[in-house]
Structures are given as C-alpha cells and as structure tokens.
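The following note sets out several points on the structure shown below.

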Amino acid sequence: MASKRTEEMTSFIVMDVLERACALECEGKHIIHLEVGEPDFDTPACVKAAACKALEDGFTHYTHSLGIPELREAICAYYRDTYGVGVDPDQVVVTSGSSPAIFMTFAALLEPGDQVILSDPHYACYPNFIKFVGGEPVRVPVFEEDGFQYRPEAIEAKLSERTRAIFINSPSNPTGNLLSKARMQAIADMPPWIVSDEIYHGLVYEGKEHSILEFTDRAFVLNGFSKLFAMTGLRLGYLIAPKEFVRPIQKVHQNFFISANAMIQKAGIAALKESWKDVARMKRIYNERRIFMIRRLREMGLGITVEPTGAFYVFANARHISKDSYALAFDILEKACVGVTPGIDFGQHGEGYLRFSYANSMENIAEGMDRLEAYFKARK
C-alpha cells in the first residue's frame, strides 16, 4: 500500500487534460493547447549560450547549496532595481524550479496542524504542498467582481491561533489578476508570515506588480526563471527567506536536493543581465494575444468581469453553460479538439470557470477560438 499522504494527494487535473490531449494526438487528432501554462517561445539565445559555455567549461559539479554567489547577487540586484528593496545574498536559496522552494518553505515554517490561508481559486498544487508537511490549508473565497483579489476582512475572519502564514500569488494562476497595493499592504500588516509566489512577475501588461518585500520583511518570496524567461525545462528557481529561516531551509535543500543544476545557474545570470530585449518582445506578443482572447471569449458569452492584466491566463465564467467544469473541459477536448483547464482544478470556488492560456501562437489561439465558438453554438 502506498503512504496515506500520497493516496490522499489530488491529481493535477490540467496534466490529466494534457495527457488525454496527447493520446488524441497519437490517434491523429489536431489539438489546440490552451490548457498548459508554459511559454511557447524559445529560450533566449543568450541564456542557451551561457548554459552551453558552462557545460563546455566543465561547470558540471555540485555548487554551494544556496547557489553560486554570482547568481544570488544578480537576484538581489534584480529585486533592488525592480522593487527598490534590499535583499542580502545570504537570504537567497537557488533551487531547481520554484516547486522545491514552495516545499522547503512550508517544511521549515509549519508544524503539524499549523494553518495556511489560501485563496480559492488558487494554483492547484498549493494545498498538496501544505498538507504533505502536515499543515492545513484554510481557503478564503475570492470573487470575479473583485478581480479575484483577497478581501482583507475575509482573511481576518479566518485567522486563528493556528494560522502560521498567508499565501499570496500576484499575478495569479489561474486568474491572471493582480493584488492591489492597498490590499497587499493590508495583508502585510496582519500577524502571520506572508508567503508570496512571484513567479509571474514581469509578465504584467497594465499597471504594476508589487513584491511583498516592499511592504514587509516578514515574508518568503518564491520566484524563478520558468515563466518570464521561457526556461521551464531548465528548472531554475529561488527562494528569498527571512534570515532566521535560511539555515533550516538550507539543511532541507542539502538533504533532499543538494544543489541546483550548476550550468543552469550560469544561464540564470545571463537571463537577468542580458535577456531583457527578448523579454520585452515576448511581453508585447503575450499582450496582443491577451487582448484578442478576451474579446473572442466575451463574444462567445463567457464572463470576464475584470480583465486579467498579468501572467498568461484568462479565467472565464462558464457557469451558464455547465456547472461541471471537469466534464465540460473534457467534452470540449473530445468534440472541439481544444485543451482547456476546468476551474475545479483550482478549488471549489473555481467550479464553473474555465482557464484559457494564451501561451500559444496567435494562429493557434485564433483557430482554438473558432473551434470553441462552433462548439458552444452546437450546444444550444
């Protein structure tokens, strides 16, 4: 028998959709992928060149468990220049993607039974990280009319003696919406630690994202290179932690992961120092796709009350079509050959919604929208 904690772990439904889509492709079907949140752009040339040079130079061994000093210093410079905050390189833990950073944060922060405030909807994997180390997710509904932002008073109503942390994600997956500066300040003023997933920072098309470190130093920042720099497969992330937590997190990293990939750490330096023209180009194209997708989805009658301005997602209300988003998403896949993610993947309050990713070419998005329009007309 497998362990209870793995038996109780929920599947990542978007991966179930993707795997069924792959099976259909093996049968000869042409699938438009709007389900997965992965940049379709190639990794910037300067990043690939730095990785190849590191490999050729023999930079292929273990590094310091916190990461190579040059990369940690570059991360600190990025946070200083972008947000005006001071971070000590010794507060930075370089990881193999942001997922290990999430795991290690909660491993160091939570005792069994400790609670973590979590928005609903939320990134599908968050509750599993929390529960795996013995914590308890406490869900706070967020609403379409608020742009899926936390209401501070709703968080306060859920606080208890067991509340250890409040988890924020702005820009958000699945909604693509941002927390306002005022709401971030209100959350930062609350007693628990703040855990801020900033993996979609830089992918903001209207307004400005804010790091939690602008408001408090009682915070853990999760970030990485996958989304902004189109480096998903290279697996490079990092964690910025309060100084008193760095050594405990470092011990977890040493035991479970040893260190991040050596040559990819060199690539991360190139990303932070040399790739901004590539990032600007990707952002411009993402924004064109965002505007196009929002317009087409609204024309089909899907609900988008507050336009998403970050990440590469549109979280659209389809409750008038079906209150079973899982069945609807798989029906769309089978009949329209378009992969979309059911809202239930992101929590009970996401039920009835569909998440669409515009991390695909405009040509494919346009074809996907045409297929969806025909599918919805056929349902009437």
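1. Strands β7 and β8 pair in the antiparallel sense over four bridges; two strands count as paired if DSSP finds at least two bridges between them. Within this pairing, Gly224 stands opposite Gly237 in β8. The model is a predicted one, in which local features need pLDDT of at least 70 and side-chain atom pairs count only at pLDDT 80 or more, whereas totals for chains, interfaces and linings use all residues. Residues are numbered from 1 along each chain as its sequence is written, and side-chain values use heavy atoms, with hydrogens and water left out.

2. Strand β7 also pairs with β6, in the parallel sense and over four bridges. Here Asp197 stands opposite Leu222 of β7. Helices (H or I, at least four residues) and strands (E, at least two) are DSSP runs, numbered from the N terminus.

3. Is β7 enclosed or open to the outside? Six of its six residues are buried, so β7 is largely enclosed by the rest of the structure. Buried means under 20% relative accessible area, exposed over 50%, and partly exposed in between (1.4 Å probe, protein chains only). In a regular strand the side chains alternate between the two faces of the sheet. In β7, Ala219, Val221 and Asn223 point one way, while Phe220, Leu222 and Gly224 point the other way.

4. The open sheet has seven strands in the order β2-β8-β7-β6-β5-β3-β4, with mixed pairing. Its edge strands are β2 and β4, each of which pairs on one side only. Neighbouring strands are turned by 20° against each other on average, direction ignored. Strand β3 (residues 115-120) pairs with β4 in the parallel sense over six bridges, and Gln115 stands opposite Glu136 in β4.

5. Helix α5 (residues 98-109) lies across β2, β3, β5, β6, β7 and β8, and runs at about 165° to β7. Helix α9 (residues 243-256) packs on the sheet as well, touching β2, β5, β6, β7 and β8, and its direction makes about 20° with that of β2. Axes are lines fitted to C-alpha atoms, for helices over the stretch in contact, and angles run from 0 to 180 degrees between N-to-C directions.

6. Helix α10 has 13 residues (262-274) and should span 18 Å at 1.5 Å a residue; its end C-alpha atoms are 19 Å apart, which agrees. The expected span is 1.5 Å times one less than the number of residues. Among the buried residues of α10 are Ile264, Ile269 and Leu272, and what covers its buried residues includes α3, α4, β2 and α11. Asn261 caps the N-terminal end of α10, with a side-chain oxygen 3.1 Å from the backbone nitrogen of Met263.

7. Asn360 lies in the loop between β12 and α13. At 11% relative accessibility, Asn360 counts as buried. The side chain of Asn360 makes a polar contact with that of Asn364 (2.9 Å). A polar contact is a pair of N or O atoms within 3.5 Å; within protein, one must be able to donate a hydrogen and the other to accept it, and residues adjacent in sequence count only if both atoms are side-chain atoms. The backbone oxygen of His33 lies 2.9 Å from a polar atom of the Asn360 side chain.

8. A search of the whole structure finds zero disulfides, a disulfide being a pair of cysteine sulfur atoms within 2.5 Å. For Cys26, the nearest cysteine sulfur is that of Cys22, 7.0 Å away. Cys26 counts as exposed, at 74% relative accessibility.

How values were computed. Contact means heavy atoms within 4.5 Å.
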